[in-house]
Amino acid sequence: MNKKTFWRIIGGIFLFIALLLGIFAKEPFINLVINNNELALSGSFSLLFLVMGIISLGYSIFVKRE
């Protein structure tokens, strides 16, 4: 298995997990709160898997070019 195939499979798995979490748990969201002394960033696991899946598929396209 070469790098391109590996990253495509990993990206597909991440996107599938994001789909399942989006359907059964919560939709993807991100909250950014800025106060005087703090910066708080929170989000859902489905957003995390969605971002990781997109990055993995993008990296598989980049590896294919090399």
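At 34% relative accessibility, L20 counts as partly exposed (buried is under 20% relative accessible area, exposed over 50%, partly exposed in between, with a 1.4 Å probe and protein chains only). L20 sits in helix α1. The model is predicted: local features need pLDDT of at least 70, side-chain atom pairs count only at pLDDT 80 or more, and totals for chains, interfaces and linings use all residues. Residues are numbered from 1 along each chain as its sequence is written, and side-chain values use heavy atoms, with hydrogens and water left out.

**Fold and confidence**

- The chain has 2 helices and 2 strands, where helices (H or I, at least four residues) and strands (E, at least two) are DSSP runs numbered from the N terminus.
- Along the sequence, the pattern reads α-β-β-α.
- Mean pLDDT for the chain is 87, and 95% of its residues reach 70 or more; pLDDT is the predictor's confidence in each residue, from 0 to 100.
- Confidence is highest in α1, at a mean of 90, and lowest in β2, at 85.
- Where pLDDT is low, the predicted coordinates should not be read in detail.

**Overall dimensions**

- The radius of gyration is 15 Å, whereas a compact globule of 66 residues would have one near 11 Å. This radius is taken over C-alpha atoms, and the globule rule is 2.2 Å times the number of residues to the power 0.38.
- Along the principal axes, the C-alpha atoms fill a box of roughly 50 × 30 × 10 Å.
- Of the 66 residues, 15% count as buried.
- The accessible surface comes to about 5200 Å², and carbon and sulfur atoms account for 68% of that. Accessible areas come from the Shrake-Rupley method with a 1.4 Å probe; for residues, only the protein chains shown count as cover.
- Among contacts between residues at least 6 apart in sequence, 59% join residues at least 24 apart. Contact means heavy atoms within 4.5 Å.

**The β1–β2 loop: E38**

- E38 is placed in the loop between β1 (30–34) and β2 (39–43).
- Its relative accessible area is 47%, so E38 is partly exposed.
- The side chains of E38 and N35 are joined by a polar contact of 2.9 Å. A polar contact is a pair of N or O atoms within 3.5 Å; within protein, one must be able to donate a hydrogen and the other to accept it, and residues adjacent in sequence count only if both atoms are side-chain atoms.

- S46 belongs to helix α2 (residues 45–65).
- With a relative accessible area of 2%, S46 is buried.
- S46 and S44 make a side-chain to side-chain polar contact at 3.1 Å.
- Beyond neighbours within four places in sequence, S46 is in contact with A18, L21, G22, K26, E27 and P28.
- L20 and S46 are 26 residues apart in sequence, and their C-alpha atoms are 8.2 Å apart in space.
- S60 also lies in helix α2, and S60 is buried because its relative accessible area is 1%.
- Leaving aside neighbours within four places in sequence, S60 is in contact with K4, W7 and R8.

**Aromatic pairs**

- The structure holds 4 aromatic pairs. Rings of Phe, Tyr and Trp (its six-membered ring) pair if their centres lie within 6.5 Å; planes under 30 degrees apart count as stacked, over 60 as edge-to-face and the rest as tilted.
- One of the pairs is F14 with F49: the ring centres are 5.7 Å apart and the planes stand at 45°, so this pair is tilted.
- This pair links distant parts of the chain, with F14 in helix α1 (residues 3–24) and F49 in helix α2, 35 residues apart.
- F49 counts as buried, at 19% relative accessibility.
- The Y59 and F62 pair is also tilted, because the ring centres are 6.1 Å apart and the planes are at 35°.
- Both Y59 and F62 lie in helix α2, 3 residues apart, about one turn of the helix.
- Y59 is partly exposed at a relative accessible area of 34%, and F62 is partly exposed at 45%.
- F6, W7, Y59 and F62 are linked by ring pairs into a cluster.
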